[in-house]
Amino acid sequence: MLHIDHLGHRYGVGPPVLADIQLTVPDGQLVTLVGPSGCGKSTLLRCVAGLTRPAEGRVTLDGEPVDRVPDRLGVVFQDYSRSLFPWLTVRDNVSLPLRRQGLGRARRHEEAALMLEQVGLAGTGKQHPWQLSGGMQQRVALARALAARPALLLMDEPFGALDAQTREDLEDLLLRLHREGGLTVLFVTHDIDESVYVGDRVVVLAPGPGHVRADLPVELPPVRDQIATRALPEFTELRAEVGRAVRPAGTATP
Ligand SMILES: Nc1ncnc2c1ncn2[C@@H]1O[C@H](COP(=O)(O)OP(=O)(O)OP(=O)(O)O)[C@@H](O)[C@H]1O
């Protein structure tokens with residue numbers, strides 16, 4: 001379980017960027033974090049990842065304070081081309097976290113093959129990332145994040161750079177892995193539709209300084225479909241509610 005307790009942050013002597021963030025993500029829940037540009041989403045994720053030490057409050061993962069990058073943390077960022085090592089094969093990229101855990105070569109290769117199969121990339125292990133499409137590279141990044149069997153998966157706009165069809169395929173892949181593997185996920189997105197489609201719960205962060213404006217359960221069937229789910233009245237109502245929280249009346253900019 002992830003627990004964020006009264007977290008606040010400012011960079012140096014600058015203005016506060018986050019204030020009094022209180023958020024718990026129970027095991028097995030996929031929480032989407034949505035909010036306008038600059039409201040502090042990435043800063044919050046960096047604090048949770050142990051990359052930035054918050055000025056106030058604290059983060060715990062399974063009861064342990066996060067004061068460095070936790071061992072069992074998976075991360076997937078938007079920029080897949082810079083997160084994979086081009087000189088390593090796909091298999092070696094995926095098995096990197098396992099090497100850090102001290103697993104032998106044969107076990108690492110076995111696990112990497114299993115993870116690649118799970119993300120629909122069986123048989124690509126001997127290729128290099130640059131031989132794959134953008135969507136395939138992001139699947140490799142996901143396989144690598146899952147290889148460490150993370151207690152928490154952090155995703156920062158993971159599908160933002162992909163074309164619409166590939167993005168939908170990867171949303172559905174994430175939903176399946178979450179459903180079948182009980183993954184605990186904190187997923188940052190700009191996209192209100194995506195926040196509702198993939199989330200069990202949507203948390204809206206508002207700026208000035210960043211704070212939780214809304215925390216909404218997603219009461220949609222766990223097995224989702226890009227066309228049928230998005231057409232449900234529950235989906236459109238929640239999307240509107242999230243939209244109003246992201247952009248309260250009178251704050252829209254031309
Ligand atoms: N390293 C840094 N030093 C100083 N200020 C920073 C730093 N990183 C972010 N900020 C500031 O903190 C605020 C929040 O930035 P952050 O990147 O966390 O927001 P965000 O919601 O993730 O934005 P976006 O959606 O555009 O990525 C912004 O005003 C930004 O300028």
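Two strands pair if DSSP finds at least two bridges between them; strands (E, at least two residues) and helices (H or I, at least four) are DSSP runs, numbered from the N terminus. The model is predicted: local features need pLDDT of at least 70, side-chain atom pairs count only at pLDDT 80 or more, and totals for chains, interfaces and linings use all residues. Residues are numbered from 1 along each chain as its sequence is written.

**View A. An open sheet of four strands, in the order S2-S1-S4-S5, with antiparallel pairing.** Strand S2 (16–25) and strand S5 (64–65) are the edge strands, each pairing on one side only. Strand S1 (residues 2–10) and strand S4 (residues 56–61) run antiparallel and are joined by five bridges. His3 stands opposite Thr60 in S4.

**View B. The surroundings of the ligand.** Residues count as near if their C-beta atom, placed from the backbone, lies within 6 Å of the molecule. Those around the ligand include Tyr11, Val17, Cys39, Lys41 and His190. H1 contributes the largest share of this shell, three residues.

**View C. The crossing of helices H4 and H5.** The axes, lines fitted to C-alpha atoms over the stretch in contact, with angles running from 0 to 180 degrees between N-to-C directions, belong to H4 (residues 105–118) and H5 (residues 134–147); they come within 9 Å and cross at roughly 130°. H4 is therefore oblique to H5, as angles under 35 degrees count as roughly parallel, over 145 as roughly antiparallel, 65 to 115 as roughly perpendicular and the rest as oblique. Glu111, Ala112, Met115, Leu116 and Gln118 in H4 meet Ala143, Leu146 and Ala147 in H5, contact requiring C-beta atoms, placed from the backbone, within 7 Å.

Conventions
Two residues are in contact if their C-beta atoms, placed from the backbone, lie within 7 Å.
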